[in-house]
Amino acid sequence: MATKAEKERDARIAARQQEAKKKKDEKTAKEEVLNKRLKLSLKTTTPERTNKLSGCIIVDVINVIQARLAQEAGFSAVCALEVLPATMQARKMSRMCDPRVTRSIANSVLIPVVAKIAIGHDIEAGVAIKAGANFVDESEFAIMGALPTLYIDNKGDIPVPVICGVGTLADCLKRRKEGASILRIRQTSAVRADATVVTLNNIENELKKYRDNAVLREMWLEMHGLEEADFAFLKDAEDISLLRIYAYGGICTPRDVALMMHMHCAGVFVDNSVFTSDNPRKRLKAMARAVERYDDIDEIIKLSIGTAERM
């Protein structure tokens, strides 16, 4: 016969199991409701998924549900992650996303999928493409110890467009020379949008400095292993718009999006924290709309209503 202590222990175990089952059932129910709303099956394959950006706003996602929310909101593409950049740095991770994560996201949406790879790792690029990626991103968040600065030299050999991070004007010219299709601001730590603004301003100040002074430009180009031809297309540039840079880092409100577009960015990468807001669906739609209407302050005010809560 069980003792009183054993009965109490069994009761506690049963209560914990029941609570765990309840939480699991609630999570499953929420996912089923969301899947029903989006009217997409987890088993859907999408060979017709486009491999071209039809807009200029991309968001980091870590699962199928987030990817579908982004598609429904009107985003141009999603960037498949297994672990968020801040966590990658804390763990000092140096590997690409699990191909199963990339494939599951790619099989659930019709918009392009971006996959991050270690800088200089063309084998990881091949794996990501085989898993369903339409773009690959040579990411500073996935740097291998032996390849800290060795970028893929001839990006034209990669069968999909390559995205690269930049932090200076020299980075922009070097990555373009290697064949990068998209440049984005490089961030090496958990940042806020103001850090992205500082980097954009620094690049634009460098552009104006070397555009107007041929002697300084010649010395600067030689120091970075560049040639005059690499700078030629910027000689008449008034701002950084010709560089086609995407903003990246801490962008999580419609106001952030509008600010980056005002700073002559070609587009924005949205922070994954939008999915932790009170109403991610509303926020995502507002941010996608802000890319198109960034110069209409009245529209930005409307889009900002109900999207200012802490995330």
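A residue counts as buried under 20% relative accessible area, as exposed over 50%, and as partly exposed in between. Lysine 235 has a relative accessibility of 37%, so this lysine is partly exposed. That scale returns throughout this tour of a predicted model.

Start with the whole chain. The protein chain has 311 residues, and 48% of them count as buried. Twelve helices and eight strands make up its list of elements. Take the contacts with a separation of 6 or more: residues 24 or more positions apart account for 63% of them. The chain exposes about 16,200 Å². Carbon and sulfur atoms supply 53% of that area.

Now go to helix α6, which spans residues 169–178. This helix is mostly covered, with seven of its ten residues buried. Among them are Leu169, Ala170, Cys172 and Leu173. What do the buried residues of α6 pack against? Their partners are the strands β5 (162–166), β6 and β7 (245–248), together with the helices α7 (193–211), α8 and α9. After α6 comes glycine 179. Its phi is positive, near 110°.

Salt bridges link Arg175 and Glu178 with Glu138 and Lys155. In total, the structure holds 17 salt bridges.

One of them joins arginine 184 to aspartate 137. Their closest N and O atoms are 2.8 Å apart. Are these two residues buried or exposed? Both arginine 184 and aspartate 137 are buried. Arginine 184 lies in strand β6 (residues 182–185), and aspartate 137 lies in strand β4 (residues 135–139). The pair therefore ties together parts that are 47 residues apart in sequence. Arginine 184 has another partner as well. Its charged end sits over the ring of tyrosine 248, 4.9 Å from the ring centre.

The charged end of arginine 176 sits over the ring of phenylalanine 233, at 4.2 Å from its centre.

Other salt bridges join partly exposed residues. Lysine 235 meets glutamate 228 through their side chains, at 2.8 Å from N to O. Glutamate 228 has a relative accessible area of 32%, so it is partly exposed. Another bridge joins the side chains of arginine 293 and aspartate 296, at 2.6 Å from N to O. Arginine 293 is partly exposed because its relative accessible area is 26%. Aspartate 296 has a relative accessible area of 23%, which makes it partly exposed.

Turn next to the aromatic rings. A pair of aromatic rings is described by the distance of the centres and the angle of the planes. The structure holds four aromatic pairs. In one of them, the rings of tryptophan 220 and phenylalanine 231 have centres 6.3 Å apart. Their planes stand at 80°, so this pair is edge-to-face. Which parts of the chain does the pair tie together? Tryptophan 220 lies in helix α8 (residues 214–223), while phenylalanine 231 lies in helix α9 (residues 228–231). The pair therefore ties together parts that are eleven residues apart in sequence. Tryptophan 220 and phenylalanine 231 are both buried. Ring pairs also bring in Tyr210, which forms a cluster with Trp220 and Phe231.

Helix α8 also holds leucine 216. At 33% relative accessibility, leucine 216 counts as partly exposed.

Finish with the loops. Arginine 244 is placed in the loop between α9 and β7. Its phi is near 55°, a positive value in a residue other than glycine. Where does histidine 264 lie? Histidine 264 is found in the loop between α10 (254–262) and β8 (267–270). Its phi is also positive, near 75°, and again the residue is not glycine. The relative accessible area of histidine 264 is 32%, so this residue is partly exposed.

Note on methods. Residues are numbered from 1 along each chain as its sequence is written. This is a predicted model: local features need pLDDT of at least 70, side-chain atom pairs count only at pLDDT 80 or more; totals for chains, interfaces and linings use all residues. Side-chain values use heavy atoms; hydrogens and water are left out. Rings of Phe, Tyr and Trp (its six-membered ring) pair if their centres lie within 6.5 Å; planes under 30 degrees apart count as stacked, over 60 as edge-to-face and the rest as tilted. Helices (H or I, at least four residues) and strands (E, at least two) are DSSP runs, numbered from the N terminus. Buried means under 20% relative accessible area, exposed over 50%, partly exposed in between (1.4 Å probe, protein chains only). A charge sits over a ring if NZ of Lys or CZ of Arg is within 6 Å of the ring centre and within 35 degrees of the ring normal. Contact means heavy atoms within 4.5 Å. Accessible areas come from the Shrake-Rupley method with a 1.4 Å probe; for residues, only the protein chains shown count as cover. A salt bridge is a side-chain nitrogen of Lys or Arg within 4 Å of a carboxyl oxygen of Asp or Glu.
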